[in-house]
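Please open the model in the viewer and follow the selections below in order. The tour turns to helix packing and then to salt bridges.

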Amino acid sequence: MDLYQEAVLYLETQDVPVETGAAMETGVLEEDVPLEELVSPLLSQSMDFPAIPKSCSPEEMLERRLVVLKGIVECEEVYLSELEALLMPMKALRASAGTSQPVLSSQQVQTVFYQVPELRDLHQSFYSALKGRLSETSHMGSELAVGDLFLKLVNQIGLYGGFIENYEEAVAIVGKCTQSDPRFRTLAERMMSNNTADKARAKYTFEALLYKPLDRVTRTTLVLHDLLKTTPADHTDHVALQEALRLSRGFLSGVNESSQSKREVMLSHGLRRQLMRDGFVVDVSEGERSLRHLFLYTDLLLCTRFKQATRGKQDQYRFCWYLPLAGLKLGWSSDHEPDTRLQATRTKMFLLRQQLQQQAGSRGLMVAARTRKKLEQTELMLLTQSPLFRLELHSPSGKSHTLLLPSLYELEEWREAVHKLTTQNIETVPPDLLTLTCTCVKLRMTQQPPLQSSNPVENEASLCGTLSVAVHSACGLQQPACVYVCLEVDGYEFYDKQAQTHSSVHSINPQWDQELSLQVDGAQNLRVVCVSQSDGHEDAVLGKTALRLESKSLSKRWRRQTLQLGPVEVTLSLRYSPHPLEPPSSTAPQLPIFCVPIETVAQQEGALVPLVVRCCVEEVERRGLAEVGIYRISGSASEINTLRAAFDSNLREAVTRLRSLEVNVVSGVLKLYLRELPESLIPSELFHSLARTLDIQDMNTRLVSMLSLLQSCPDTKRCTFLYLMHHLQRVSERQHVNKMTLLNLATVFGPSLLRPPVAVNISQEVVVQVQVVYCYLQCNNLPEAQISMPHDPEEDEETTHT
């Protein structure tokens, strides 16, 4: 094995995390801009410093100071991981420099990594000392002194001066070698393959990591500024922090000219166009889908066609279109029905992945390389054809474009980034499109499409098997809404990577208690998005979050968690069952639910009230309470049968489909399900007992007797019956609009909910059926229906809050 192969092997065995996010955004270093305005978006994402009220007491100020210090420790940890990632290929490149065919010369290696080890050691010392001080104190008193640590750090900040002076040359070497030397490009890709994707899957280029120390220069001054604001004037740290801030400001002013942002393009009149975000999307034009590289600048969106470098050439970008941000309108939607033609592509990708795993231990490196290339090409095809989420862009000039993204989480990140810019006063400057497109190679933060198959080393912590998520409830809504939760996982796209709950009843505390299962391979992250559904308008994203998945922290037992999604808290449970996966084409079909005992359906769904009942009830309450004759006037028979078939074959498709059908079709499916149950919800053996209770003259005594008989019913039947009774009572509350009284509703549902053991006198039986249901509907103190399955508490692991 030559030194170059050793270098690649060295990088493949490393496990240094790199912070990833939606994008890397940087501040602009200018002397005439107040320091408070230099806060980079990266800092604001990593630390959320509390504002200091004018009337803040010394105790409250010290409490906020502790929060700031803990945030600084977290930021230092991230920065150290970035420096470690940057240094990861240095040893291998130095080893290669002594060979007859070096990847970089010794001088080039020294230039590229100039002062980086020293900066790493400086911040490692500062981080360890600060973390140690914080761990030694369990209170927020004035005894916690850290000013000397910051003063020591700033006194050595001159190390950054050498780095900044060398920065231009280092970036030039990296850019040139990436374009001209495939060996260096391979090393750079290996370096970027080890990620901790706590937000969004994205890869920083070598150049992006080299920029991190420049961003850190601004951060030091800003952190000192915020820390000083939370330090009382009589604190022992106050003088030291003031001096550290003065020195940091002086250094910042001195290096300003040398540290111009590499994420900017100069415009006319001294203005700057700054790159805020970039990534790969699917552009739809005249019905055709094309993978494109999208760049978001401070005043425009630029769509380009990416042409990857071949041997001896460099990466290139071709202009496709651009839209100014001024007046830009965004809208989004979801293509509910996935393309069934993708099944063959997924199956091919699955088989190629199996072949690659079998070839991993063999000596046929060329064969494995060809298989990996085929796998990447197949995944690239799937990446282009599978996205379901549409982002519509409409410019005041009349130009419109449609983008497709693979996940709602990623779509919302783009929307947030654009919205943040469009709410500002944007000064639009006509772009030099040729120059702007050519600079994309230098400015980009995402180098390659996000292909799982391009990762050279499989992560042992990734999941392969079945990930089950039970979504329970949410709280924190400001007003009642119909809400659903969307789940998304990463990894190989052999199976559906998204699942979502049904839409809840119009409520301020939504309840779902719905279990969703996802087949995963290579999954490391779960993204959760909470969405409010709106009639006639686009749905509104209430909040989102990402959860790191680790096989060692998951098990076959449910683990309950509460996640913070913006203002909303969502409670869910996770469990994971590792097992080999079957090819996508051989997945077991969904079991039918119509004409099946309700206990069987409830057991396979893990809930006491079947999902078909809950979905139909919630949809009727969402848009059918004002419908005249709801449950009396039937919908289209063909559409009812189509929706019935969907519930029997594809629950996800059925839940999506019922939202667009007439509400009478939804109510018809509910009646059909109850009518086709092999046994009625109230067991037949109770028919005569309930008939005798109708002879009791005192209404209260009669209801007590009827409720007592209801308690003897099996749990699933009793809970479903009570759930339905509460729903019908709510329907009747709007009888002045929908003309459905309690007696009307009892007449419609009575024959389905209570059946005699043996049919004798049909007319008398109908009277009993209607009167029994009517009495239950008249009861004002009906017990609440339990939806979740009762379980042994020992099956649940500890509850966690994220």
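Which residues in α17 meet which residues in α24? In this predicted model, select Ile-598, Glu-599 and Ala-602 in α17, then Thr-716, Lys-717 and Thr-720 in α24; these are the residues that meet. By class, this contact divides into two nonpolar, two polar and two charged residues. Next, display the whole of α17 (residues 598-605) and α24 (residues 715-732): the axes come within 9 Å and cross at roughly 90°. The two helices are therefore roughly perpendicular to each other.

On the α24 side, select residues including Phe-721, Leu-724 and Met-725; on the α26 side, select Leu-742, Leu-745, Phe-749 and Leu-753. The contact of α24 with α26 has nine nonpolar, two polar and no charged residues.

Now turn to the salt bridges, of which the whole structure contains 25. Select Glu-76 and Arg-216, whose closest N and O atoms are 2.1 Å apart. Glu-76 lies in helix α3 (residues 58-87) and Arg-216 in helix α10 (residues 206-229), 140 residues apart. Both Glu-76 and Arg-216 are buried.

Then select Arg-120 and Glu-84, which meet in a salt bridge at 3.3 Å, N to O. Arg-120 is in helix α6 (residues 116-136) and Glu-84 in helix α3. Glu-84 is partly exposed, with a relative accessible area of 28%.

How values were computed: Residues are numbered from 1 along each chain as its sequence is written. This is a predicted model: local features need pLDDT of at least 70, side-chain atom pairs count only at pLDDT 80 or more; totals for chains, interfaces and linings use all residues. Side-chain values use heavy atoms; hydrogens and water are left out. Axes are lines fitted to C-alpha atoms, for helices over the stretch in contact, and angles run from 0 to 180 degrees between N-to-C directions. Helices (H or I, at least four residues) and strands (E, at least two) are DSSP runs, numbered from the N terminus. Angles under 35 degrees count as roughly parallel, over 145 as roughly antiparallel, 65 to 115 as roughly perpendicular and the rest as oblique. Contact means heavy atoms within 4.5 Å. Ala, Val, Leu, Ile, Met, Phe, Trp, Tyr, Cys and Pro count as nonpolar, Asp, Glu, Lys and Arg as charged, and the others, Gly among them, as polar. A salt bridge is a side-chain nitrogen of Lys or Arg within 4 Å of a carboxyl oxygen of Asp or Glu. Buried means under 20% relative accessible area, exposed over 50%, partly exposed in between (1.4 Å probe, protein chains only).
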